[in-house]
Amino acid sequence: MLEETFVELRGAKLNLRRGGKGAPVLFLHGAQGYAGSDPAMDALAQDFTVLAPDHPGFGHSDAFDWIDDVPDLAFLYLDLLAMLGLEDVHVVGHGLGGWTALEMAIRSTARIKSLILAAAAGIRVPGVPRADMFICTPEELARLIFAGDGWQAWNASLTATPELQEIADRNRFQAAKLCWQPRLFNPKLEKWLHRIDRPTRILWGEDDRIIPPAYGARLKELIAGAGLVMLPRTGHLMPVEQPQRFAAEIRRFIREDAA
Amino acid sequence: MNVLFFHLMPYAYLDMNYQEKYRTDWVVLPNTYFDPVKGHELYNRYLDELELAAELGFDGISVNEHHQNAYGLMPSPIVMAAALSRRTQNAKIAILGNAFGLREHPLTLAEEHAMIDVITGGRLISGMVRGIGAEYFSFGANPAFSHARFQEAHDLVIEAWTKPGPFAFEGRHYHFEYVNVWPRPYQQPHPPIWCPSLGSTETIEWASHPARRYVYVQNFSPIAAVVRYLNLYRQTAERLHGYTARSEQIGWAAPIYLADSDERAIAEARPHIEALFNKYLTLPFEMLFPPGYLSQQSLRNMRAVRRPSIQGGKVTIEALIETGIFLCGSPDTVRDKLVAAHRALGFQNFLAVLQFATLPGDLTERNLRLFAREVLPALQGLTDKEYAGMEPAATH
């Protein structure tokens, strides 16, 4: 189990889960928030020192009202790594978190050892539509975000208590603030991806209906030396749907290609 | 009291089976459902109805803005206001409203409003709204900044109308090097500002601020909500802002249908008013309230009092009349209800929605004429003398 801690950064508090031993892994969650990804983190914590923040405005973190977009978020996390004195960090990002990892890496890889991008947002592949998480009902989104039948339990867990409902509303607000327009991408990101000079692994669910696998293939083209691993019977919410497989792929990549 | 005829200009030829394939007639309903030839007929009929209302002695005629839907065919109410400005002489022309904050450059609207005001010699009423939630999908505007952009766009437009240009505007969402609107509005310092809403504490606090004192109009609501929000405006002015609001600062908008008897009115209105709520206003919760459109507090309140959708169950005319959303019946019935509501609430502005959904031209014209002859004079004569004042219970 990761330990819940708070760190003070730029005058606001960030909820930062920490645990495990070994090389540092920063896990950046997706637009649905951290909720439900503990098994994946626990698996990673067996081999690495895991740091898993709630993004500003998500979960139990303060709102950081000055953060308007994902580039702002990326600078905040670069500041966090500097503040904590961390080096050689393996940055793992899922969805929105993958986009954030990319925005960090094009700005500075000085403290970054490798990148693991799981179903990352951030770019747009013309002519390949993604699902719109904001127009869906919660049930429709839950069905779309899983390949298998875990969606019902996951959907129910999000709003099981009034406090969780409140967090779901906060997460949704902050996701809109960061992702609404242009939807889930930064038009300027693509032209700077050549700056990424660290080993990069892209993980994608074969059945991702939120961000289709074509996005993974395109990212592989854009990032020099990046490898792409497709996970069968996996939807967009990979860290929740396949926590052990997700953790195993990260472990394998870090040991074999990014140690 | 000022009484205005309010038109939504619905696409009356909507294929009512659309729900077999699409969940709503907003944003996702293909525009192939719109037939331009039928649209030509409708636009011209609706403009005739607005012009007729001006001739019949309404104090004003009113249009509004909605996008990508069959409920209201006026993505630009400016076009309609412009058409009406040269065909009417005395009636106010109320654009209720335009969503200034949805625009990347709100001054295009400020310019157009000023043009209408100058052309009409000061007959414009400018409505400022945030747009309904669905519009944040069709416009691509980020709902997380909805309140902030609305307020900043307002500040920009008011400055542009009142402060000598050119000047630079330095906001958080809007930055313009040259603000220098030609023409300036005819009315000084600027046209009256109205804020129509479905009920929002934030909007009331903002609109009632002593620096603004804008007209708040409660739209399409059960009478219980009309009571709550119109009294809230007066209470907010008194307690938060420390002044007594004038009755001219509040208004109510409601659909109305009249015939010579209650039974006949109900029979004639039934398919049309039920279509309005069951076919034209079928918005899923996610489209009505995208994230940030409501404050966290308002969202909490909304979850406490409402089912998470206004879609779904079929609304009947009986329920609409019972809750006071729809005023329907003989002229006596409807006049009595309005006079009683005025006695309780004291609103000095009323927007009569006398055409709705599929209500055809002949019934609309009869509705307009009956209202103008049998109800309008009684309403126009109502002043603060007939207002009972806020009940002591309502002030606590």
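A residue is taken as buried here if 20 or more other C-beta atoms lie within 10 Å of its own. In this predicted model, A357(B) has 24 C-beta neighbours inside 10 Å and therefore counts as buried. The backbone at this alanine is worth a look, too: A357(B) has a positive phi of about 45°, although it is not a glycine. Its setting is the loop that runs between strand 11 (349–353) and helix 13 (361–374) of chain B.

Because L184(A) has 27 C-beta neighbours inside 10 Å, it counts as buried.

Two cis peptide bonds in chain B also deserve a mention. One joins G165(B) and P166(B), with omega at about -5°. P166(B) belongs to the loop between helix 5 (146–162) and strand 5 (167–170) of chain B. Another cis bond leads from W182(B) to P183(B), where omega is near -5°. In this case the proline, P183(B), lies in the loop between strand 6 (175–179) and strand 7 (193–197) of chain B.

In chain B, helix 7 (residues 223–239) and helix 12 (residues 331–345) pack with their axes 11 Å apart and at an angle of about 30°. Because angles under 35 degrees count as roughly parallel, helix 7 of chain B is roughly parallel to helix 12 of chain B. The two helices pass each other in a right-handed crossing. From helix 7 of chain B, the contact draws on I223(B), V226(B), V227(B) and L230(B), while helix 12 of chain B contributes A341(B), A344(B) and L345(B). By class, this contact has seven nonpolar residues, with no polar and no charged ones.

In chain A, helix 2 (residues 70–83) and helix 3 (residues 96–107) have axes 8 Å apart and pack at an angle of about 65°. These two helices of chain A are therefore roughly perpendicular to each other, and their crossing is right-handed. Helix 2 of chain A brings V70(A), P71(A), L73(A), A74(A), F75(A), Y77(A) and L78(A) to the contact, and helix 3 of chain A brings W99(A), T100(A), E103(A), M104(A) and R107(A). By class, the residues of this contact are nine nonpolar, one polar and two charged.

Finally, the two chains meet. Chain A places 11 residues in contact with 14 residues of chain B. On the side of chain A that touches chain B, six residues are nonpolar, two are polar and three are charged.

Terms used
Residues numbered from 1 in each chain as written. Chains lettered and ligands numbered in written order. Predicted model: local features only at pLDDT ≥ 70, side-chain atom pairs only at ≥ 80, totals over all residues. Contact = placed C-beta atoms within 7 Å. Nonpolar A, V, L, I, M, F, W, Y, C, P; charged D, E, K, R; others polar. Axes fitted to C-alpha atoms, helices over the stretch in contact; angles between N-to-C directions. Helix = DSSP H or I, 4+ residues; strand = E, 2+ residues; numbered from the N terminus. Parallel < 35°, antiparallel > 145°, perpendicular 65-115°, else oblique. Left-handed = near helix turned anticlockwise from the far one by under 90°. Buried ≥ 20, exposed ≤ 12 C-beta atoms within 10 Å, placed from the backbone.
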